[in-house]
Amino acid sequence: MAQKPIVVGPDAKPDLEALLHQYEKLDRQVPALRKEIKAGRLTTEDVQCVIERRNPFGDALTIQDCISVLGKDKVVTAGQAGEFWKRDAPTGLPIFLTESELATMAEQNKAGAADWRVVFVLGMSLREQYTLRGDDPAAKPCFYKDWDWWRKPEQDGWATRRPGGAGYAVLDVKKRLHSMAIVTQDAELAKLGPDFFRADECDVTEAAFSVFGVHGELLLPGWYHWGRPVTTYRRRVYVGHHGDSGWSVNGAHPGVVDDSIGVVVARKFLRFAA
């Protein structure tokens, strides 16, 4: 839908706020955009680009660029994700990366320092994903059947939460920051800079299922990603340990130090409402 023309000049600030109000549906990218505006790296025209689903940082990378640089096994396209989940997936969405960032990701992958993936996510809650995939090991990927506590009504508050709209998630699925309490992990994540954050457990789960469905690869074998929500038992949710029995969802006290619990690091990316 066409947006109201924006006036650039001394009175640009109210216009920027108006644009960001329209952009609220893109969830947590709003604070990131505000930081870029405050730092002088984004103009009103740049924000308008985002609203119109264009990359404000230059020529938009295509998913074919990502495949060419990272390799097809490191990418799940919107078409592939939509086919796997049997849901309509919007196409033509921009990828929030520069050519140099993509090249750096490829170099880190080659050196074994990271395992970056670009995976299209629909932005589904864990419960939505369970409804679609179930817990039958004969129909993998699936959820681990015996850990069903998170599917009970008292956990609805976080288990039915959606992380946001659809978009290309940029995830490093190499085990990082394990054997650390949550506060220590957060401190280490902060050192990576504002472009990086703890991946949403919904996105990690959806990406892992899509990668298995498209490429037949198990992500997070033998370890868990510590997510964001707190359960009614006052535990922080973790997901992963993908194996023959399925994908696990459980929780642990934030102070626990466990070698099997690490972090999937995400780069900032744009989400778009369907």
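Tutor: Keep in mind that the model is predicted.

Student: Where is the place of Lys-74?

Tutor: Lys-74 sits in the loop between α4 and β1 (75–76).

Student: And what does Lys-74 touch, not counting residues up to four places away in sequence?

Tutor: Asn-109, Asp-115, Trp-116, Arg-117 and Val-118.

Student: OK, Val-118. Which residues does that one touch?

Tutor: Leaving out residues up to four places away in sequence, its contacts include Ile-63, Cys-66, Leu-70, Met-105 and Tyr-168. Lys-74 is also among them.

Student: Which residues touch the most other members of the largest nonpolar core?

Tutor: Val-118, Trp-247 and Val-249, out of 61 residues in that core. Helix α10 (residues 201–215) gives the largest share, 6 residues. Another core, of 6 residues, lies apart from it, with Ile-182 and Tyr-238 among them.

Student: New topic. How do the axes of α4 and α6 cross?

Tutor: The axes of α4 (residues 63–70) and α6 (residues 99–111) come within 9 Å and cross at roughly 30°. Angles under 35 degrees count as roughly parallel, so α4 and α6 are roughly parallel to each other. Their crossing is right-handed.

Student: Which residues make the contact?

Tutor: From α4, Asp-65, Cys-66, Val-69 and Leu-70. From α6, Leu-102, Ala-103, Met-105, Ala-106 and Asn-109.

Student: What is that by class?

Tutor: The contact of α4 with α6 has 7 nonpolar, 1 polar and 1 charged residues.

Conventions: Residues are numbered from 1 along each chain as its sequence is written. This is a predicted model: local features need pLDDT of at least 70, side-chain atom pairs count only at pLDDT 80 or more; totals for chains, interfaces and linings use all residues. Side-chain values use heavy atoms; hydrogens and water are left out. Axes are lines fitted to C-alpha atoms, for helices over the stretch in contact, and angles run from 0 to 180 degrees between N-to-C directions. Helices (H or I, at least four residues) and strands (E, at least two) are DSSP runs, numbered from the N terminus. Angles under 35 degrees count as roughly parallel, over 145 as roughly antiparallel, 65 to 115 as roughly perpendicular and the rest as oblique. A crossing is left-handed if the near helix is turned anticlockwise from the far one by less than a right angle, and right-handed if clockwise. Contact means heavy atoms within 4.5 Å. Ala, Val, Leu, Ile, Met, Phe, Trp, Tyr, Cys and Pro count as nonpolar, Asp, Glu, Lys and Arg as charged, and the others, Gly among them, as polar. A nonpolar core is a set of buried Ala, Val, Leu, Ile, Met, Phe, Trp, Tyr and Cys residues joined through side-chain atoms within 4.5 Å. Buried means under 20% relative accessible area, exposed over 50%, partly exposed in between (1.4 Å probe, protein chains only).
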